[in-house]
Amino acid sequence: CVKEFCKIIHIAHSIPTTNSCNMQVYPNPATTTVNATVTLTQPAILYAYIYNSMNMLVAQKQQQGVVGTNTISFNISNLPAGMYRIRIVHGNDVCYSSFIKQ
């Protein structure tokens, strides 16, 4: 005797198996300005966020990204010294990197 149960499952969005996001942050350590560069294969809005060591959002920015290398600059002169994390979201990609504010 064999019993079977079939149910169809629809997946709305696929989860990427590899991260194609490559981000560079400079200068590191930084004092007044920090830059993050990402390369896009198609135009997209770039959403950039800076978090402190307590994972609190301390700065954010958005700008239109173009095909090729894009640089997002943050004025960090008003932030206290410490370790920070930058997160950039564009399309289905999320990039993370850390920097030190002196």
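Which strand gives the most to the lining of the largest pocket? The legends below take up this question along with two further views. The model is predicted, with local features needing pLDDT of at least 70 and side-chain atom pairs counting only at pLDDT 80 or more, whereas totals for chains, interfaces and linings use all residues. Residues are numbered from 1 along each chain as its sequence is written, and side-chain values use heavy atoms, with hydrogens and water left out.

**View A. Lining of the largest pocket.** Strand 2 gives the most to this lining, with three residues, strands (E, at least two residues) being DSSP runs numbered from the N terminus. The lining has 14 residues, among them Thr39, Leu40, Thr41, His90 and Asp93, which lie nearest the pocket centre. By class, the lining residues are five nonpolar, eight polar and one charged.

**View B. The largest nonpolar core.** This core (buried Ala, Val, Leu, Ile, Met, Phe, Trp, Tyr and Cys residues joined through side-chain atoms within 4.5 Å) has 21 residues, and those with the most contacts inside it include Met23, Val34, Ile50 and Phe99. Strand 1 (23-26), strand 2 (33-40) and strand 7 (93-101) are among the strands that each supply at least two of its residues.

View C. Ala30 lies in the loop between strand 1 and strand 2 and is buried, with a relative accessible area of 0%, where buried means under 20% with a 1.4 Å probe and protein chains only. Leaving aside neighbours within four places in sequence, Ala30 is in contact (heavy atoms within 4.5 Å) with Ile76, Phe99, Ile100, Lys101 and Gln102. The C-alpha atoms of Ala30 and Lys101 are separated by 5.0 Å, although these residues are 71 residues apart along the chain.

Note on methods:
Buried means under 20% relative accessible area, exposed over 50%, partly exposed in between (1.4 Å probe, protein chains only). Helices (H or I, at least four residues) and strands (E, at least two) are DSSP runs, numbered from the N terminus. On a 1 Å grid over the protein atoms alone, a cavity is a set of points where a 1.4 Å probe fits but cannot get out, and a pocket is an open set with protein on both sides within 12 Å along at least five of seven lines; lining residues have an atom within 4 Å of a point. Ala, Val, Leu, Ile, Met, Phe, Trp, Tyr, Cys and Pro count as nonpolar, Asp, Glu, Lys and Arg as charged, and the others, Gly among them, as polar.
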